[in-house]
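Good morning, and thank you for coming.

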Amino acid sequence: MSTNNATSKDPQAWRASHPSAWVRINHAVVTLCGRLAAALFAVIAAMITYEVIARYVFLSPTIWVEDLSLLCQIWASCLGASWLLQHQALIRIDMLISRFGPRMRAAAELWSLLVVALFSGWVTWYGVYIVKDAVAINAASASMLGMPMWITKSAIPVGFGLLFIQCLTEAALVITGHIQPSEEVHV
């Protein structure tokens, strides 16, 4: 089994130049999702800072920060999941797996990808029904902003759909011998 041959500066560089167009496109989409998730977390910090200043310094709280920061947090978390999987940065306990040989390690990796794929596929499927239901009943947030709930709930099928696709991509890479080691993730 081969490991990634990227430089230490960018351990994911091999994906951007992979012979398969699917791996290159997937890498670009997932990288974009990861950057968008990081940007959304920065926006959340700015909104909450603004709310604290508005509320405690100017005694004029907003009606929009709570809803919008929650919306951004849900979307950032869902969009970031596929990026975390691509970078092998999901929480994992590899005390035992690190002692396996290459074939057993590949089998364990495929098993874990199958479990995550089944779960994310089910959540994607169910999430579509949640969004349809929110649209059908015209659900809105209970706050003064009254934001349509389908906007927030759409993060579920989109994010878990991306995670499902990433599981399939990672499984294909494992099957073709491209197992990569876990890495320290820096954004």
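A residue counts as buried when its relative accessible area is under 20%. Please bear in mind that this is a predicted model. By that cut-off Cys72 is buried, because its relative accessible area is 12%. Cys33, with a relative accessible area of 8%, is buried as well. How many disulfides does a search of the whole structure find? The search returns zero.

Let me move to the helix packing. Helix H2 covers residues 21-56 and helix H3 covers residues 65-86. Their axes lie 8 Å apart, and the two helices pack at an angle of about 150 degrees. Angles over 145 degrees count as roughly antiparallel, and H2 and H3 are therefore roughly antiparallel to each other. Their crossing is left-handed. Sorted by class, the contact of H2 with H3 comprises 17 nonpolar residues, 10 polar residues and one charged residue.

I now come to the aromatic rings, of which the structure holds four pairs. One of them joins Phe119 and Phe160, edge-to-face, at 6.1 Å centre to centre and with 75 degrees between the planes. This pair links distant parts of the chain, 41 residues apart: Phe119 belongs to helix H4 (residues 102-136), and Phe160 to helix H6 (residues 155-175). Phe160 counts as partly exposed, at 22% relative accessibility.

Trp125 and Tyr129 form another pair, with ring centres 5.1 Å apart and planes at 70 degrees, so this pair is also edge-to-face. Both residues lie in helix H4, four residues apart, which is about one turn of the helix. Tyr129 counts as partly exposed, its relative accessibility being 42%.

Key:
Residues numbered from 1 in each chain as written. Predicted model: local features only at pLDDT ≥ 70, side-chain atom pairs only at ≥ 80, totals over all residues. Heavy atoms only, no water. Axes fitted to C-alpha atoms, helices over the stretch in contact; angles between N-to-C directions. Parallel < 35°, antiparallel > 145°, perpendicular 65-115°, else oblique. Left-handed = near helix turned anticlockwise from the far one by under 90°. Nonpolar A, V, L, I, M, F, W, Y, C, P; charged D, E, K, R; others polar. Disulfide = S-S within 2.5 Å. Buried < 20%, exposed > 50% of the residue type's maximum accessible area, 1.4 Å probe, protein only. Phe/Tyr/Trp six-rings, centres within 6.5 Å; stacked < 30°, edge-to-face > 60°.
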